[in-house]
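Please keep the sequence and the model side by side while reading. The paragraphs below move from the domains to their interface, and then to the ligand shell and some local features.

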Amino acid sequence: MSENKGLYIHIPFCVRKCPYCDFYSISDLSLKKDFIAALASEIQLRSDLRNRFDTIYFGGGTPSLIDPDDIEKILDLINKFFTITSDPEITIEINPGTVDQEYFSNIKSIGINRINLGIQSFQENKLKFLKRIHTAEKAEKTIDRAIKAAFKNIGLDLIYGLPGENMQTWIEDINAALDFFPSHLSCYMLTYEPGTKMYNDRKKGVITPLNEDVTADLFMATSRYLTESHGFSHYEISNFASSKTRKAIHTTKSIHNQKYWSGVPYLGLGPSAHSFDTKTRSWNLKDVKKYIEQLKIGKLPVLGKEILNCQQTTVEMVMLGLRTSHGVNFKKFKDLTGENFISYFKSITGDLELKAMGIMDKEHFHLTLKGMLFLDSITALFAGKIFKGEF
Ligand code: SF4
C-alpha cells in the first residue's frame, strides 16, 4: 500500500498584510463566499478516491477568518471526494484577534484536532514592529481559549531576530510561550523576503537588521534552551516538538509538515497552493479573482507545472533532509540515484565534519547546529556537485 499523502488548503485572506510576510493573501474579505464556492469546485474537479490523506492542513493567509460552518462544508467534501484515513491530523492556523471561545468549540466539534497559533511575540513593541493585528493580551487570551476548549495539540509560532533584539528579550518570549505548555513551538528567524515591505524598508535604510552574529547566537541559544532545559526535540531547523505535553493526541511533531521535508506527496488546494507527486510539481494561480473565475468555468486553476528530473529531485531531497535533525538518508539517496552518498560527497561531508558542521552516522548525514546556520551555502555545495553529476 502506498504512503498516505498530505492535503493542504490555502485560505488567501488576512485582515491586513504583515510587512514581513510573503505568503499570498488579500484583505478584500468580500470575496470569501465566492472563494469557498470555488474551493468546493476545485475539490470536486480533483476528486480521486485513490488519493489517501492522513493529514489535512488549513494554512494561509488566515484560515480562522473562515466561518466554521464553511470549514465543515469543505471537510465534508474532502471526505466525499478523497479517501481520508480513520484518524487524520487536521490542523488549522489561527491568528489571535480573529476568534472567540465559541469558535474553538465549533472547530473542535467538526474534527479539527491541531491548532497552530501565530503568536509571534508576547511583547507589545515587537508586535507593533511586526504590525500584527493583536496585542500580547489578546494572544494570551487566545491560547487560554484553545486550552479551555480542550485542544491538546497546540503549536505556537514565534519570531526572533528583530532589530534591537537581545538574548534577554528573546528568552522572555520563549518563557512566556512555555508557560502555556505548548505541544509544539515554531521559532522563525525574521527574514527579509524580496517583494515585502520590510525588504524594501531595509533596502532604503529605514530598518537596520540585527547583527548576524547576534542572530546566530539567538538561534543556537533557542535550540539549547528548548532541548536541554525543556525537553523539546529540535526536529527541523525552525521546529520543536515537546515531549512533556498535555497528553498529545498523536505525536507532537507536525505530521503534515514532515511530509514536505521527507518528499512525501501532497496535494495543495486554493490560490498559490503547490502540489507534489514525487515526479511533478504544480502550482495554482496566485490570484483569488482569477482562481474563482477559472473554477466558475469548470477549469482547474493551475498556473504551472514542472516535471522534475533526477538531479532536481535529488537536490530537493538533500536540501530538505539537511533542514531536519535526521538529515539525508543514504538508502533513499541510493534508491534515487544509484550512487553511494558517502563516497559521492566525501570531500564535502569530510570538510563539514572537520568544521564541526556535519555528522555522519550509519544511515544518515545531518547538520549540527553550527552547520544549520549555514544551511543555504551548504545546500549550494551539495547542489553544485549533484548538477555536475551524471545521474
Ligand atoms: S497574518 Fe500571517 S499570513 Fe497574514 S499577512 Fe500576517 S503573517 Fe502573513
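How many residues of domain 1 are in contact with residues of domain 2? Nine residues of domain 1 are in contact with eight residues of domain 2, where contact means heavy atoms within 4.5 Å. This is a predicted model, in which local features need pLDDT of at least 70 and side-chain atom pairs count only at pLDDT 80 or more, whereas totals for chains, interfaces and linings use all residues. Residues are numbered from 1 along each chain as its sequence is written, and side-chain values use heavy atoms, with hydrogens and water left out.

The domain assignment of the protein chain gives domain 1 as 5-259 and domain 2 as 310-388, the bounds coming from an automatic or database domain assignment. Taken over C-alpha atoms, the centres of domain 1 and domain 2 are 29 Å apart. Between them the two domains bury about 820 Å², 70% of it on carbon and sulfur atoms; buried area is the accessible area (1.4 Å probe) that two parts lose on being put together, summed over both. Of the area that domain 1 buries against domain 2, Met220, Glu236 and Ile237 supply 49%, more than any other three residues.

Glu236 also takes part in a salt bridge with Arg323, with the closest N and O atoms 2.6 Å apart. The rule finds one salt bridge across the interface of domain 1 and domain 2, the term standing for a side-chain nitrogen of Lys or Arg within 4 Å of a carboxyl oxygen of Asp or Glu. Across this interface there are also three residue pairs in polar contact, both residues being at pLDDT 80 or more; a polar contact is a pair of N or O atoms within 3.5 Å, and within protein one must be able to donate a hydrogen and the other to accept it, while residues adjacent in sequence count only if both atoms are side-chain atoms. On the side of domain 1 that touches domain 2, helix H8 (212-229) and strand E7 (232-236) each supply at least two residues, and the largest share, five residues, comes from H8. Helices (H or I, at least four residues) and strands (E, at least two) are DSSP runs, numbered from the N terminus.

Turning to the ligand, the residues around it are Cys14, Arg16, Lys17, Cys18, Tyr20, Cys21, Gly61, Thr62, Asn95 and Arg132, a residue being counted if one of its heavy atoms lies within 4 Å of the molecule. Gly61, one of these residues, is placed in the loop between strand E2 (52-60) and helix H2 (68-81), and the peptide bond from Gly60 to Gly61 is cis, with omega near 20 degrees. Ala150, in the loop between helix H5 (136-148) and strand E5 (153-160), has a positive phi of about 70 degrees although it is not a glycine. Most residues other than glycine have a negative phi, and most peptide bonds are trans.

Within helix H5, Glu137 and Lys141 are separated by about one helical turn, because they are four residues apart, and their side chains meet in a salt bridge (3.9 Å, N to O). Finally, Arg52 lies in strand E2, where its side chain is joined to that of Asn4 by a polar contact of 2.5 Å.
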